[in-house]
Amino acid sequence: MKRNSGIESRRKNRPSKAPPPPPCVMVIFGGGGDLVKRKLVPALYYLSLSGLLPERFAVVGVGGDDHTSESYREYLDSEIGNMVSGELSQEVWKNIERRIHFLRADFRDQESYGDLRALIEKVDEQEGTGGNVLFYLATPPAFFAEIPARLAEEGLTAEEGGRWRRVIVEKPFGRDLQSARDLNGALLKSLGEEQIYRIDHYLGKETVQNIVAYRFANSTTEPLWNRQYIDHVQITVAESLGVEGRAGYYDQAGALRDMISNHLLVLLGIVAMEPPTSLDADAVRLEGVRLMRSIKPIADEEVPAVAVRGQYGEGKGADGAILPAYRDEPGVAPGSVTETYAAVRLMIDNWRWTGVPFTLRTGKRLARRRTEIAVVYKRPPLAMFRGSTVETLPPNVLVLRIQPDEGIEFGFGAKVPGAHMGLDSVEMDFCYEDYFGDAPSTGYETLIYECMCGDATLFRQSVGVEGGWKVVQPILDAWSAEPPKDFPNYAAGSDGPAAAALLAGDGRRWRPI
């Protein structure tokens, strides 16, 4: 009871919430898509529920769907109740719904952009949004360069008289290093770098942002956060599901492109970067870029030793149900050699991290859903325990859990009660839900809010995106040149291919998934 009382006291004494952003119109290209109904509209609802949506605000969905503004509102109204947690607040939702509009358009037809301009001006006048517009590209990547170019041609990206125009670009941002460079070049012909917000929804997760707070706001952490005390770091993003209707995209991408080149390298950057001089966007992103440039390049001949790929075959789920092989999933090409699992060992060549392996792994149809960062400390010496029953001292492990059970745990050695000196590992466990409650979110709320406020801290720069592709490009080239001969090489519902154990090396082992 005392603990719960303390939690409630902390909740009541939290700092006041952030102010709402300035007025704006949010234009969503691909307005009839799955991302909009599952993530973006619920995110706007949660922002409004928290008082973090502008009072003068409107949404314009743009797409090829056969909708009017009225039918679009009806469509979203029929979906929203299934997409948010808890009971839907009709008052909050209806306040958003009445300000939603739709424009049927062809993204490749310049005339459509003239229609969009007219609709934005009309909505701006009705809602008093001050001429500020946030464009969100929730479209296939083929339109990422074309839409901003056509917006610029119509004058819709010009910032005049104090108004702002910003563009959020979804992932995937390119397929490789060259295509990412080409896309950046194309965008910069239509927009200023400060107008481009390259989104990675992992940066919107509270637990990811808390890594920065944990590292730099606690004097017990940062002094030990280096090669003198840390043996290695494991970053895991494991999914229990298969491709779930995304085979058309996934079979052309694979795990390395889909996850490691962006999400996992983003996590690596936050864990390993040097302390920024402030929380200002430029300062934080500068350290991320410096870290990316410090990753030791992978030589072509090193790829087999530092990277492992896999594809799941038939297996069993936790409930005993038979899970199909990847090649048997709807939409997957027969005989596909696309990897559904990828693991990479990276080394960082700087003063803080030289000699510390960072192992990254991700995969589909693994034993369970789990995203975590495990920091494994060096083992202490055994000298003082010589002659006791203590034969080995397990390393201390700090685990930053990102999903699904967000929190931080720390394992350390403690004496087992009794006459003899015996040690066992015990854990301290901090759970976000226990202390801060289970705030509903999609992971997009913070990112949309920060973009409206003009804060680019949680968005990637062009050099950061290209830096991520530069890290994985040698692996992409090697895997493309030599197709795998052993696919499928792990069972659905398992921890992945046996060959991945080689990446740990030197007596190190992956944590069980």
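**A walk through the predicted model**

Asn184 sits in helix α7 (residues 177–190). Helices here are DSSP runs of H or I with at least four residues, strands are runs of E with at least two, and both are numbered from the N terminus. This is a predicted model, in which local features need pLDDT of at least 70, side-chain atom pairs count only at pLDDT 80 or more, and totals for chains, interfaces and linings use all residues. Residues are numbered from 1 along each chain as its sequence is written, and side-chain values use heavy atoms, with hydrogens and water left out.

Is Asn184 buried or exposed? Asn184 counts as buried because its relative accessibility is 2%. Buried means under 20% relative accessible area, exposed means over 50%, and partly exposed lies in between (1.4 Å probe, protein chains only). Leaving aside neighbours within four places in sequence, Asn184 is in contact with Phe173, Arg198, Ser462 and Glu466. Contact means heavy atoms within 4.5 Å.

Now turn to the core. The largest nonpolar core has 144 residues. Such a core is a set of buried Ala, Val, Leu, Ile, Met, Phe, Trp, Tyr and Cys residues joined through side-chain atoms within 4.5 Å. Phe29 and Leu116 have the most contacts inside this core. Helix α10 (residues 255–272) gives the most to it, with 12 residues. Beyond its neighbours within four places in sequence, Phe29 touches residues including Leu116, Tyr113, Ile147 and Leu151.

The axes of α5 (residues 110–127) and α6 (residues 146–153) come within 9 Å and cross at roughly 65 degrees. Axes are lines fitted to C-alpha atoms, for helices over the stretch in contact, and angles run from 0 to 180 degrees between N-to-C directions. Gln110, Tyr113 and Leu116 of α5 meet Ile147, Arg150, Leu151 and Glu153 of α6.

Another pair is α2 (residues 34–49) and α4 (residues 90–97), whose axes come within 10 Å and cross at roughly 120 degrees. The two are therefore oblique to each other. On the α4 side, the contact is made by Val92, Trp93 and Ile96.

Finally, look at the loops. The peptide bond from Lys171 to Pro172 is cis, with omega near 10 degrees. Pro172 lies in the loop between β5 (165–169) and α7. Arg365 has a positive phi of about 55 degrees, although it is not a glycine. Its loop runs between β13 (357–363) and β14 (370–377). Arg365 is buried, with a relative accessible area of 11%.

Technical notes:
Angles under 35 degrees count as roughly parallel, over 145 as roughly antiparallel, 65 to 115 as roughly perpendicular and the rest as oblique.
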